Amino acid sequence: MANLFPKWTNWLPLKILVILFVLGNAVTAGVWYYFTPKYTRVGYEPIQPVPFPHDIHVSQLGMDCRYCHSFVEVAAHSNVPNTQTCMNCHSQVQKDNPKLQAVRESWKSELPVSWVQIHKTPDYVYFNHSAHVNRGVSCFSCHDQVNHMAVVYHAKPHSMSWCLDCHRAPENNLRPREQVTNLDWKPSDENAQTFTAKYGKPPGEEQKDFSGEVKLTQLEIGNTLKHNWNVQPPDINCFACHR
Amino acid sequence: MANHTATLDSDAAAVKRVPLIINDRKANWVTDNISTIVEAKTPIWWWVAFCITAPIALFGCFCIAYQISTGVGVWGENHPVGWAWDITNFVFWIGIGHAGTLISAILFLTRQKWRTSINRASEAMTLFAVVCAGIFPGIHVGRVWMVWFLAPVPWYNGIWPNFRSPLLWDVFAVSTYFTVSVLFWYTGLVPDLATLRDRAKSRVKKFFFTVFALGWRGSNRQWRHYEMAYLILAGLSTPLVLSVHSVVSFDFATSVIPGWHATIFPPYFVAGAIFGGFAMVLTILIPARLLYPQLYDVITQQHVEKMAKIILLTGSIVGYAYAMEFFVAWYGANPYEQWAFLRNRLADPYIIGPALHVQPAPYWWAYWSMITCNVIAPQLFWKKSWRRNTLIVFIVCNFVNAGMWFERFVIIVTSISRDFIPSSWHLYHPSWVEIWTFIGTFGIFLSLFLLFMRFLPMIAMSEVKIVLPEADPHHNAPDAHVGVEAHH
């Protein structure tokens with residue numbers, strides 16, 4: 001029987017290999033980029049029944065996070081406020097604003113407003129808000145600058161490796177407790193003398209003079225607090241977050 | 001002068017070896033008679049055999065699908081017996097593969113030319129056995145769709161498999177083993193595929209053999225590359241013969257369970273794997289030879305006898321290992337280990353149990369089946385006429401097949417069914433799903449082998465030709481002595 005394949009097919013295996021190589025890399029790169037929470041979660045901004053503007057309430061009116069999310073320091077779960085909390089003010093302020101229609105209906109019908117949850121944690125993850133905010137992890141670390149958001153969106157990836165980044169190096173996210181809900185806080189805002197007087201000098205910098213116009217860095221603050229509060233987040237024990 | 005020559009001649013006759021391929025077959029005979037197995041019309045017996053094995057394989061697949069869709073609860077495993085038939089079958093099948101690798105790699109490097117008659121079929125057997133083996137660790141994890149967690153993939157969870165766990169080493173060992181075995185098998189196939197391509201009469205066959213022969217022309221340059229590739233693959237496979245089953249044994253040996261925690265395990269498992277593997281090679285090749293009588297000239301009694309000798313050697317090593325486990329349990333003075341061996345395995349209800357005044361071990365029958373099949377049965381091969389008797393060899397090999405399964409069952413189940421806490425003791429019974437999954441893997445194994453016999457050359461033609469008398473450079477050379485004799 002004569003040969004079935006013409007001469008050009010000699011290059012076919014090489015061409016197939018090249019195509020497979022390119023496709024393989026494209027698929028890997030695609031999965032790497034599109035299949036991670038950095039892509040799938042960040043930027044999620046659902047339409048809420050009421051377009052609650054955090055920026056007006058926090059940055060303009062100066063409300064604290066804990067006025068509404070009142071359980072965050074004492075419970076694992078940080079609550080979304082109930083309608084009564086809204087009506088504390090809105091029974092008098094902006095009481096006819098059409099944007100608040102859903103709140104007023106909820107107040108009358110005694111059924112909660114159907115807020116859309118943005119930051120979801122899987123049911124096999126036991127995240128505890130109080131454990132974090134009571135040890136100087138700011139709301140900012142996970143939720144970003146909600147105080148400047150007209151409508152809240154998912155700003156950080158919340159993947160497990162992102163959790164572990166902090167659990168392996170918590171000093172990057174620790175701040176004095178009284179600044180936990182101050183989402184505009186910067187390490188340089190901290191007064192070096194007051195800070196060192198209260199918490200001591202950063203480990204390894206005991207000889208350094210903090211009395212002048214010295215600006216503290218995040219690492220100096222974080223390492224000091226980590227040392228001072230004995231912060232040791234579990235970084236290899238699965239049972240810390242999964243039971 | 002004449003006397004001297006006569007002495008040389010009789011010496012030469014005395015040391016003359018039996019040729020590996022008998023009845024003075026020529027290269028052309030090999031090509032014709034092996035290719036015809038693939039080229040001829042599908043025989044009736046093949047359809048009969050396939051119609052038996054394929055439904056069994058399918059039912060095995062159904063059992064696997066049922067287990068995956070319902071959960072591992074359909075198996076009989078429960079605390080404290082977390083590993084039972086699944087891992088028993090895994091180790092059983094992975095062990096069988098080792099004979100193929102030993103034949104293709106170690107016997108190649110040690111220039112054992114008799115391997116050429118059996119290496120192709122043994123390598124195919126290795127692949128199919130590893131396929132069957134790979135099923136069990138895959139499905140026993142329960143959530144099969146999470147099995148990719150075993151692979152070290154960088155992903156957004158930021159975690160890696162536990163590199164200190166032998167279970168992970170197992171994944172690497174078995175996947176490496178399968179990859180290298182496929183490469184080795186396929187590389188060896190290329191010249192034979194080219195032969196079949198050149199002989200093909202139908203377009204479909206021509207197409208497939210042309211594609212898979214990768215443009216083989218049999219040129220000097222191609223042969224040089226081929227032989228170098230084959231040598232390198234043999235070098236790569238040789239450590240795998242020893243490492244794969246050593247790693248499998250680490251699954252047990254690195255734990256602290258009495259009966260598992262033994263430093264003797266790696267060599268003991270490797271010897272057992274080669275032992276069981278050769279038994280399976282013979283179990284397959286003896287019937288294949290019956291069905292294709294031309295194979296009697298290629299796989300001769302000499303080949304069967306050589307394999308029987310390997311079975312005798314490795315079987316005796318295994319028997320020594322069994323004895324040594326008891327010695328170490330006694331010498332190590334660990335009461336738990338002694339208890340596990342005596343009370344969970346050895347003590348039968350008739351002789352040893354009553355003699356030692358102990359309750360019989362619940363799985364004593366499994367232990368004594370193992371001893372009978374693995375230690376006693378191969379001893380028949382000490383007698384030359386018995387190891388040259390095909391029927392006896394076939395029967396003993398099947399004893400060994402059963403015995404090697406019992407060995408893994410004994411090691412796994414007897415060690416964990418009665419552990420440190422008597423309140424948690426639990427006797428294990430398999431469910432029908434487990435039993436039929438195991439039988440199903442036999443269906444898969446035999447179906448694959450039947451397909452292999454039907455579509456690919458089951459004897460490495462190009463390699464067999466190299467060991468023919470014809471291939472000897474001195475073949476038909478003018479013999480000085482004969483010449484002297486002739487001129488008398």
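1. Helices (H or I, at least four residues) and strands (E, at least two) are DSSP runs, numbered from the N terminus.

2. Basis of the note. This is a predicted model, in which local features need pLDDT of at least 70 and side-chain atom pairs count only at pLDDT 80 or more, while totals for chains, interfaces and linings use all residues. Residues are numbered from 1 along each chain as its sequence is written, and chains are lettered from A and ligands numbered from 1 in the order in which they are written.

3. Confidence. The model scores ipTM 0.74 and pTM 0.87. Two residues are in contact if their C-beta atoms, placed from the backbone, lie within 7 Å.

4. Overall form of chain B. Chain B has 18 helices and zero strands. Its radius of gyration is 25 Å, which agrees with the value near 23 Å that a compact globule of 488 residues would have; the radius is taken over C-alpha atoms, and the globule rule is 2.2 Å times the number of residues to the power 0.38. The C-alpha atoms of chain B fill a box of roughly 90 × 60 × 45 Å along the principal axes. Of its 488 residues, 39% count as buried. Among contacts in chain B with a separation of 6 or more, 79% join residues 24 or more positions apart.

5. Overall form of chain A. Chain A has eleven helices and zero strands. Its radius of gyration is 26 Å, whereas a compact globule of 243 residues would have one near 18 Å. Its C-alpha atoms fill a box of roughly 95 × 65 × 40 Å, taken along the principal axes. Buried residues make up 18% of the 243 residues in chain A. Of the contacts in chain A with a separation of 6 or more, 73% are between residues 24 or more positions apart.

6. Nonpolar cores. A nonpolar core is a set of buried Ala, Val, Leu, Ile, Met, Phe, Trp, Tyr and Cys residues joined through C-beta atoms within 7 Å. The largest has 122 residues, and B:Phe278 and B:Val281 have the most contacts inside it. Helix H9 (residues 265-291) of chain B provides the largest share of this core, 15 residues. Apart from this core lies another, of 13 residues, including A:Phe140, A:Val180, A:Ala192 and A:Ile221. Leaving out residues up to four places away in sequence, B:Val281 touches B:Ala99, B:Ile118, B:Ser122, B:Met125 and B:Met307.

7. Helix H10 of chain A. In H10 (residues 192-199), A:Ala192, A:Phe195 and A:Thr196 are buried. Seen down the axis of H10(A), these residues fall within an arc of 90°, so they line one face of the helix; the arc is that of the directions from the helix axis to the C-beta atoms. Helix H11 (218-229) of chain A is included in what covers them. The face turned away from the buried side carries the exposed residues A:Gln193, A:Thr194, A:Ala197 and A:Lys198. Just after H10(A), A:Gly200 takes a positive phi of about 90°.

8. The loop at A:Pro112. A:Pro112 lies between helix H6 (101-109) and helix H7 (129-133) of chain A. A:Pro112 counts as exposed because it has 11 C-beta neighbours inside 10 Å. Leaving out residues up to four places away in sequence, A:Pro112 touches A:Asn82, A:Thr83 and A:Ser106.

9. The contact between the chains. Ten residues from chain A and eleven residues from chain B take part. On the side of chain A that touches chain B, helix H9 (residues 160-168) of chain A gives the most, with three residues.

Notes: A residue is buried if 20 or more other C-beta atoms lie within 10 Å of its own, exposed if 12 or fewer, and partly exposed in between; C-beta atoms are placed from the backbone.
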